[in-house]
Structure formats: structure tokens, C-alpha cells
Amino acid sequence: MPRPSSLRPTGVSQDRQRRLLAALMDAGEAGLCRPQMAKLFGGQTRAVERALNALQMSGATISACYPSDGSRQKRFVLTRPPTGDPWPLPMEAHLTLRVAEESLRRIGGAGWMNLHPLRTLGSDQGLGPKAAQRFARAIERTAVRGTASHSDGLSDAVLSALMQALSEPNAPRMELTYRAAGRIADRIHEIIPHAVLQDAVAGGPYLIAWATAQQRPVIYRVSRMLAARRVGQGGLSDDARKVLARITQHQVGAWATADEPMRIRVRVTGARWAQHFLNSTPDLPEVAVEPDPDHPEGVIVTFLATAPEGAVRWILQMGGAAEVLEPPSIREAVAQELERATQRYRAPTAPSAQA
């Protein structure tokens with residue numbers, strides 16, 4: 001997948017700039033000393049200086065410091081890639097979301113689709129071993145389910161920060177500048193990211209994460225993130241990891257809860273609804289659709305969900321054609337929503353302002 005380079009023509013070839021950029025990315029926080037970088041250019045120390053200057057002219061931030069082990073060799077650490085090059089690899093990891101969206105729009109509902117084939121794309125680009133590992137981890141922590149329309153308003157800087165965090169063995173603590181729906185003010189949230197999810201029911205990409213202050217799982221819509229930055233080392237307990245993995249697998253409509261997933265059974269009647277679900281299985285976690293033995297023109301839809309809100313919203317779209325068989329809590333929640341709707345429609349219609 002070709003892309004325009006953000007590296008400027010500075011008298012140093014872009015090939016040399018990219019080689020040094022990839023090496024610095026591979027080194028991570030450990031950085032590289034001058035002799036290590038000189039090996040990239042056949043021992044030419046002046047070439048190192050020119051390449052470093054060229055990268056900085058292209059917008060990269062490279063810090064120089066002495067390591068804490070007492071070594072006298074100054075080390076250079078890439079803290080920000082060149083402007084417009086949010087992921088300094090030939091195949092940017094943040095593009096996994098774009099690839100997921102496009103592929104799903106083309107093939108329609110295909111259930112869970114992990115992006116493991118993109119590993120091959122990464123290895124074909126000649127990445128170093130550490131960069132290839134980071135790329136593979138980012139792919140593993142990107143999950144998509146169901147058909148997805150194109151998501152507008154996504155920030156490349158935010159996507160890049162999220163995918164870079166998810167590429168690390170242990171995702172770091174991050175600060176999100178986030179504007180929730182219906183709010184006019186932004187808030188700062190400290191979280192540890194777990195996975196990026198492209199969900200058909202909710203629409204658009206979401207981040208599944210752990211809120212460090214509240215010590216609970218949370219889900220954020222990526223398009224509402226105004227900024228994302230790393231603020232420190234992460235670290236999750238085994239219990240928190242299990243909860244986040246369960247949510248990633250069993251959430252519906254981008255709702256999060258630490259509870260075990262519940263088994264939901266819904267009877268859907270009507271020839272059109274029944275045929276629709278038999279022809280195209282809903283994009284729900286561990287879903288099964290079977291003919292209803294008691295209703296010739298009906299089906300039984302069974303699926304799992306960790307939170308009731310998303311499941312209830314999905315069921316309500318079918319109106320009177322759907323009847324929840326289990327569990328009782330979901331049946332009662334749907335009944336309450338339908339009762340509220342009934343009361344609203346029985347009330348006198350308010351006069352229109354244009355009348």
C-alpha cells in the first residue's frame with residue numbers, strides 16, 4: 001500500500017533517513033549511540049549527523065541523553081516521528097482501521113474478522129524484528145465485527161498514538177482529551193488501552209480501555225477523542241485483562257460492564273424478519289439463528305452480551321416482531337422501554353412551532 005513520504009529533500013537521501021528512522025523506532029526508549037547509527041551507513045559518522053539533522057528538519061523530535069547505567073556514550077531517542085508521518089514504518093499501523101473499514105464495507109457481515117493477514121503486509125515491507133513485533137501486536141489488538149460504513153472525523157494523530165500504545169508488550173497509561181456526547185466541555189481521562197474495536201451495531205471505531213481512577217472498564221468513541229498522549233508505564237492485573245478480553249469478545253453496541261456475558265434468546269416472528277436472519281446472520285457475539293419450532297414464520301436468535309443496554313437497543317429495532325425469551329432481566333428492560341414508548345404515543349401530540 002504505497003503512501004507519500006513526509007521526509008523532506010534535505011540533501012540526504014530519503015532511503016538513509018528512513019533507515020535511521022526505522023532503527024530509532026526499533027530501539028525505542030533505549031535509543032542508539034553514534035557508533036550504532038554509523039553501522040547503518042558503513043561507519044560514516046558524518047552521515048549520521050546529516051541524517052539526524054534531516055529527520056529533525058522533517059519535524060522529528062530526537063532527544064539526546066546519557067543512560068542511567070553510567071555509560072559515557074550519549075544515546076539518541078526518537079520521541080516524535082516526522083510531521084505527517086505518525087507511524088514511522090512503510091506500512092503504518094494506524095491504517096489497520098482504514099483497511100478494516102474498507103474490507104468490511106466490501107464483503108458485508110462476516111462475523112469477527114481478526115486482521116492477521118496484515119502481518120504478511122508488515123513482513124513484506126522489510127521491517128526490523130522489533131518493529132515487526134510491534135506491528136503484529138497492534139494488529140492483534142484491533143478487532144472488527146460486521147459491516148462498517150466509513151468513519152469521518154478520525155484524527156490521524158489520535159489513531160497513531162493509540163495504535164503505537166497498543167503495539168507495546170504492556171500498553172502504557174494514557175491521557176485522553178474527550179468530549180462525550182451532549183457535552184460542550186472536554187474532559188481528561190486517564191486510561192490503559194486494551195483494544196480498538198470496529199463494531200457494526202454501534203458504528204465506527206471504539207477504544208476498549210481500563211479507567212485507572214475508577215478501576216473499571218470503559219469504552220470511548222474514537223471520533224470524540226481530541227488528543228491522546230502517553231503519561232507513564234501501564235500494567236493491568238490478570239483480572240482486569242480477563243474483563244477487558246471478555247468485553248472485546250462479547251460487547252454489543254459499545255457498552256461495557258465487568259459482568260460475565262449473559263445468554264440472550266429472542267423469538268422473532270414474521271416471514272420477512274425470519275428470512276432476513278436466516279439469509280444473513282446478525283453480527284452479534286456467538287450468535288445462532290434457528291427456525292422456531294412453534295412458529296412456522298419465526299426464528300430463535302441466541303447470542304451473548306456483557307451489558308444489557310446494547311442488547312436492548314438491538315432488540316427494540318424489531319418492535320413487536322421480537323419477544324425476549326431469556327433472561328428475565330432483558331425481557332423486563334425491553335418491556336419497560338416499550339411501555340414508555342406506548343405512553344408517549346398515547347399522550348396528545350404537542351402543537352408544532354410552525355403551525
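Reader: What makes you say that H11 lies across strands, and at about what angle does H11 run to S14?

Author: H11 lies across S11 and S14, and runs at about 150 degrees to S14. Angles go from 0 to 180 degrees between N-to-C directions, with axes fitted to C-alpha atoms, for helices over the stretch in contact. This is a predicted model: local features need pLDDT of at least 70, side-chain atom pairs count only at pLDDT 80 or more, and totals for chains, interfaces and linings use all residues. Residues are numbered from 1 along each chain as its sequence is written, and side-chain values use heavy atoms, without hydrogens and water.

Reader: How do you know that S11 and S14 pair?

Author: Two strands pair if DSSP finds at least two bridges between them. S11 and S14 have 4 bridges, so they pair, and they run antiparallel. Val268 stands opposite Ala322 in S14.

Reader: Why are S12 and S14 at the edges of their sheet?

Author: The open sheet has 4 strands in the order S12-S13-S11-S14, with antiparallel pairing. S12 (288-291) and S14 each have a single partner strand, so one side of each lacks a neighbour in the sheet. Neighbouring strands are turned by 25 degrees against each other on average, direction ignored.

Reader: Which residues of H10 are called buried?

Author: Buried means under 20% relative accessible area, with a 1.4 Å probe and protein chains only. In H10 (308-316), Gly310, Ala311, Val312, Trp314 and Ile315 are buried.

Reader: What covers the buried residues of H10?

Author: The cover includes S11 (262-269), H9 (271-279), S13 (298-305), S14 (322-326) and H11 (328-346). Contact here means heavy atoms within 4.5 Å.

Definitions and conventions. Buried < 20%, exposed > 50% of the residue type's maximum accessible area, 1.4 Å probe, protein only. Helix = DSSP H or I, 4+ residues; strand = E, 2+ residues; numbered from the N terminus.
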